Amino acid sequence: MNIPSVLVIDDEPNNFDVIAALLSNQDYELYYSDNGENAIENLDAYNPDLILLDVMMPGIDGIEVCKQIKAMSKWQAVPIIMVTALNSKSDLANCLKTGADDFISKPVNGVELRARVKSMLRIKQQYDNLQTMLKLREDMANMVVHDLRNPLTIIMFGLELVRNKNYPQEKRNQKLEQIYAAAKRLERLINDLLNMALLESGKLRLKRKKVEIIALIHSSASNFETIAAQKNQSLVIQLPTTPIDIVSVDVNLIHRTIDNLISNAIKFSPNNSQIILNLEILNSGDYKIQVIDSGPGVPEAMKQNIFEKYEVGTKMSNIPQIGLGLAFCKMVVEAHNGKITVSNNQPQGSIFEITLPRSR
């Protein structure tokens with residue numbers, strides 16, 4: 001977490017020393033400027049989260065400095081606390097009128113100063129968090145539009161060709177297969193978005209059903225055999241030799257989770273490679289499902305973030321990455337009291353691993 005930076009603008013260095021002493025036990029980065037012109041010119045260098053601004057200064061006074069800073073869009077959200085010896089109601093009202101967010105009277109009281117600084121920094125943090133969230137939502141909207149548009153374009157263009165009576169029947173059948181595949185992909189993306197929203201709001205209830213975990217793995221693999229064959233990839237299923245119990249899971253959600261992992265493995269693995277689906281029974285009786293690929297792998301720094309919304313791992317050209325698939329997997333697995341992780345495959349690639357508790 002970044003240390004909050006506080007800029008003190010005061011023509012008297014002794015006043016800065018007092019403020020620095022009063023805030024010495026706080027985790028702040030303090031900067032000092034002895035006049036308003038210098039402070040305004042160097043705002044980018046200071047990059048303050050909060051400004052303590054003296055009102056009575058030679059040159060341009062604090063009122064004018066506050067007015068100029070608040071006129072800059074980049075710094076409008078930075079709280080300004082006016083430090084003033086003025087105490088009339090009209091003077092204090094004038095400080096607030098120019099855009100100041102708070103004020104504190106001289107001589108400065110340590111308890112009051114720390115409380116007001118903490119309060120203003122909390123507001124600034126809330127603002128920064130909101131901006132981050134809005135940026136994430138904007139990025140997510142762009143990714144969603146991009147990834148939804150691709151299959152929709154295939155569908156629309158394919159339908160235009162199929163509607164042409166002169167279009168050869170053999171090519172017509174091939175185009176219909178492409179249209180169907182694009183429609184299924186579009187459906188999966190939309191379902192992921194809807195399920196994510198329901199999981200986050202707590203409104204999605206697991207519809208548990210008893211099923212053989214082997215059947216789920218075989219079913220997911222069969223969905224992607226044709227797609228894998230286009231890259232000359234083979235899907236290999238490795239199963240334990242010991243008998244496997246029936247599991248109680250939400251079949252659709254776990255199916256979609258395995259589908260997402262297989263789909264990612266196919267997208268990021270090179271042609272003529274092997275993708276392994278491995279099932280093990282742990283000593284605890286829990287089930288471990290691994291999807292092992294030989295793609296570019298996941299950088300160490302990304303191994304935690306990759307399961308967060310809107311995060312993607314190694315970006316590759318011409319590969320749609322909506323940034324929701326792995327977040328969806330994580331939410332589904334955790335809703336089943338399980339765990340999902342990623343580790344390195346040797347010599348290259350990734351191992352995505354799901355642990356699901358056995359039915360009791």
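The side chains of Asp259 and Arg256 form a salt bridge, with 4.0 Å from N to O; the term stands for a side-chain nitrogen of Lys or Arg within 4 Å of a carboxyl oxygen of Asp or Glu. Both residues belong to helix 9 (residues 251-268), where they sit three residues apart, about one turn of the helix. Helices (H or I, at least four residues) and strands (E, at least two) are DSSP runs, numbered from the N terminus. Asp259 and Arg256 are both buried. Here, buried means under 20% relative accessible area, exposed means over 50%, and partly exposed lies in between (1.4 Å probe, protein chains only).

A word on the background: this is a predicted model, in which local features need pLDDT of at least 70 and side-chain atom pairs count only at pLDDT 80 or more, while totals for chains, interfaces and linings use all residues. Residues are numbered from 1 along each chain as its sequence is written, and side-chain values use heavy atoms, with hydrogens and water left out.

## Salt bridges across the chain

Side chains of opposite charge can pair when their charged atoms come close. The structure holds 12 salt bridges. One of them joins Lys124 and Asp49 at 3.4 Å, N to O. This pair links distant parts of the chain, 75 residues apart: Lys124 is in helix 6, and Asp49 is in the loop between helix 3 (43-46) and strand 3. Lys124 and Asp49 are both buried.

Lys70 and Asp101 make another salt bridge, their closest N and O atoms being 3.0 Å apart. Here too distant parts of the chain are linked, with Lys70 in helix 4 and Asp101 in the loop between helix 5 (89-97) and strand 5, 31 residues apart. Lys70 is buried because its relative accessible area is 14%, whereas Asp101, at 36%, is partly exposed.

## The sheet and a helix across it

Five strands make up an open sheet with parallel pairing, in the order 2-1-3-4-5. Strand 2 (29-33) and strand 5 (102-105) are at the edges with a single partner strand each, so one side of each has no neighbour in the sheet. From one strand to the next, the twist averages 20°.

Strand 4 (residues 80-84) pairs with strand 5 in the parallel sense over four bridges; two strands pair if DSSP finds at least two bridges between them. Ile81 has Asp102 in strand 5 as its bridge partner. Helix 4 (residues 62-70) lies across strand 1 (5-9), strand 3 (50-54) and strand 4, and runs at about 175° to strand 4. For such angles, axes are lines fitted to C-alpha atoms, for helices over the stretch in contact (heavy atoms within 4.5 Å), and the angles run from 0 to 180 degrees between N-to-C directions.

## Backbone features to look for

Most residues other than glycine have a negative phi, and most peptide bonds are trans. A cis peptide bond joins Lys106 and Pro107, with omega about -5°; Pro107 is in the loop between strand 5 and helix 6. The bond from Gln346 to Pro347 is also cis, with omega near 0°, and Pro347 is in the loop between strand 11 (339-344) and strand 12 (350-356).

Asn47 is not a glycine, yet it has a positive phi of about 45°. Asn47 lies in the loop between helix 3 and strand 3 and is partly exposed at 47% relative accessibility. Asn337 has a positive phi near 60°; this residue lies in the loop between helix 10 (325-335) and strand 11 and counts as exposed, at 63% relative accessibility.
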